[in-house]
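Subject: Structure handover

Hi there,

Here is the structure I promised to pass on. My notes on what I found follow below it.

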2 protein chains.
Amino acid sequence: MKPLVQFGTMQMLVERLLDGFVSAKEMLESGNTGIGTGAGVDGELIMLDGVAYQVDVQGHVNRVADDFPIAFGDVHQADFKPFKHFENITLEDLSKEILKEVGTKNYFFAVKMTGEFAAVETRAAAKSEKPYPGLGAIAKTQRIFDRNDVKGTMVGYFTPHVYEGVGVAGFHQHFLSDELDFGGHVLGATLKSVDVELQLLSGLTINLPMDNEDYKNADLTDLSTLNDVIHAAESAD
Amino acid sequence: MKPLVQFGTMQMLVERLLDGFVSAKEMLESGNTGIGTGAGVDGELIMLDGVAYQVDVQGHVNRVADDFPIAFGDVHQADFKPFKHFENITLEDLSKEILKEVGTKNYFFAVKMTGEFAAVETRAAAKSEKPYPGLGAIAKTQRIFDRNDVKGTMVGYFTPHVYEGVGVAGFHQHFLSDELDFGGHVLGATLKSVDVELQLLSGLTINLPMDNEDYKNADLTDLSTLNDVIHAAESAD
């Protein structure tokens with residue numbers, strides 16, 4: 001069994017450490033499926049079958065170059081097991097069904113949903129430049145998108161609570177339409193007719209930016225407000 | 001560059017999830033150097049050159065069997081770089097020198113000290129049986145040992161703050177005497193004449209107990225007191 005492979009931490013995003021320190025090609029060497037964001041929170045990324053796509057702040061879907069710089073991402077090698085076909089269910093209710101099936105909130109696992117979605121709401125931020133702003137300021141640049149009756153794929157991960165600050169505790173999912181004309185960080189969805197697959201992961205591998213002076217010099221010892229900021233910025237519930 | 005490979009989490013120890021879920025042999029497949037504790041907090045482990053030793057509650061040093069069950073441990077493949085020779089310095093002051101050399105608290109790194117120690121204070125707990133008690137009750141079973149003018153090796157890891165609860169934030173070191181007659185979890189030390197080596201690590205890999213019903217069924221979502229408990233139980237400062 002393989003772990004979830006993560007590049008960077010959520011704490012880094014909160015602390016304005018938004019340099020791209022790993023390329024799309026390097027990240028895909030750790031797996032063919034994943035999610036992430038570019039340097040300066042440059043849109044929302046989704047990796048499917050070894051190909052990385054970006055949903056930019058205009059809502060456009062772009063296939064990213066091998067050298068596209070990534071500030072934060074999660075990736076794994078897909079080996080999904082079919083869970084169940086679902087019709088007419090909200091993402092919130094489906095998340096409960098998934099947790100019932102997995103039987104615990106204490107493992108990392110991947111989720112993949114393919115089929116027809118009645119409604120999907122997403123968001124994507126605009127790329128920030130140095131000196132990078134905080135996630136609060138970045139949130140003001142982001143745009144919200146929604147689409148009804150769209151065919152596509154939702155991919156993401158469940159992270160246990162104790163890793164909050166390291167990653168995003170709970171579910172964290174991105175969407176891409178089959179037509180490559182819609183996607184982003186998922187804020188909410190209603191599923192019309194979707195096959196759900198799950199993949200249990202053995203744990204987590206974190207890769208840190210080893211040659212980044214800003215990361216090295218940052219004071220990352222104050223955790224007092226970290227989880228509140230992440231939860232406000234990332235929660236899809 | 002390789003990551004620190006960790007089996008289990010500190011949260012599991014706090015939440016009385018003390019089953020051994022990985023064997024000494026399996027753990028040594030991820031590296032030849034490390035620290036840990038047995039099932040039920042069965043003594044303090046130190047791995048050097050691919051060999052695992054246990055300091056038990058009597059203070060005896062035992063070479064552990066391949067199938068010895070481990071509840072928590074950190075291991076990595078040694079590739080240390082010489083840092084400096086130190087004479088007559090406390091572990092506390094040396095820790096500051098090491099952090100100055102590494103230049104950041106934001107990376108995982110390994111520390112190895114070999115030579116003569118003027119004084120070393122350690123502790124080791126007694127193995128608990130199911131239903132396992134909390135770390136507070138276990139702390140009451142532990143014994144404190146000290147030794148003056150002892151030759152040996154101290155090995156351990158530095159973990160950045162945001163991983164508190166996942167691991168032990170800050171320094172966490174174990175000791176083994178050359179004569180194999182003294183060791184344990186380091187509470188404090190004064191170094192007489194010691195070579196210090198360091199090894200920067202690329203990040204962290206966590207391996208969770210995938211077939212453990214107690215782990216699966218535990219409620220690990222309340223983090224409110226976790227860090228205080230860990231700090232009280234593990235801090236060597």
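**How the copies meet**

The copies meet through the same surface, because 100% of the interface residues of chain B are also interface residues in chain A. Contact here stands for heavy atoms within 4.5 Å.

Some bookkeeping before the rest. This is a predicted model, in which local features need pLDDT of at least 70 and side-chain atom pairs count only at pLDDT 80 or more, while totals for chains, interfaces and linings use all residues. Residues are numbered from 1 along each chain as its sequence is written, chains are lettered from A and ligands numbered from 1 in the order in which they are written, and side-chain values use heavy atoms, with hydrogens and water left out.

On to the interface itself. In chain B, 35 residues are in contact with 35 residues of chain A. About 2,800 Å² is buried between the two chains, and carbon and sulfur atoms give 60% of this (the accessible area, with a 1.4 Å probe, that two parts lose on being put together, summed over both). On the chain B side, N106(B), Y107(B) and M210(B) lose the most area to chain A, together 24% of what that side buries.

Between chain B and chain A there are zero salt bridges (a side-chain nitrogen of Lys or Arg within 4 Å of a carboxyl oxygen of Asp or Glu). Strand 13 (203-207) and helix 5 (213-217) of chain B are the elements that give two or more residues to the side touching chain A (DSSP runs numbered from the N terminus: helices are H or I with at least four residues, strands are E with at least two). The largest share of that side, five residues, comes from strand 13 of chain B.

**One residue inside chain B**

A24(B) lies in helix 2 (residues 24-28) of chain B. At 2% relative accessibility, A24(B) counts as buried (under 20% relative accessible area, 1.4 Å probe, protein chains only). Beyond residues up to four places away in sequence, A24(B) touches A52(B), V64(B), A65(B), D66(B), F68(B) and I70(B). For V64(B), 40 residues apart from A24(B) along the chain, the C-alpha separation is 7.5 Å.

Best wishes

Terms used. Buried < 20%, exposed > 50% of the residue type's maximum accessible area, 1.4 Å probe, protein only.
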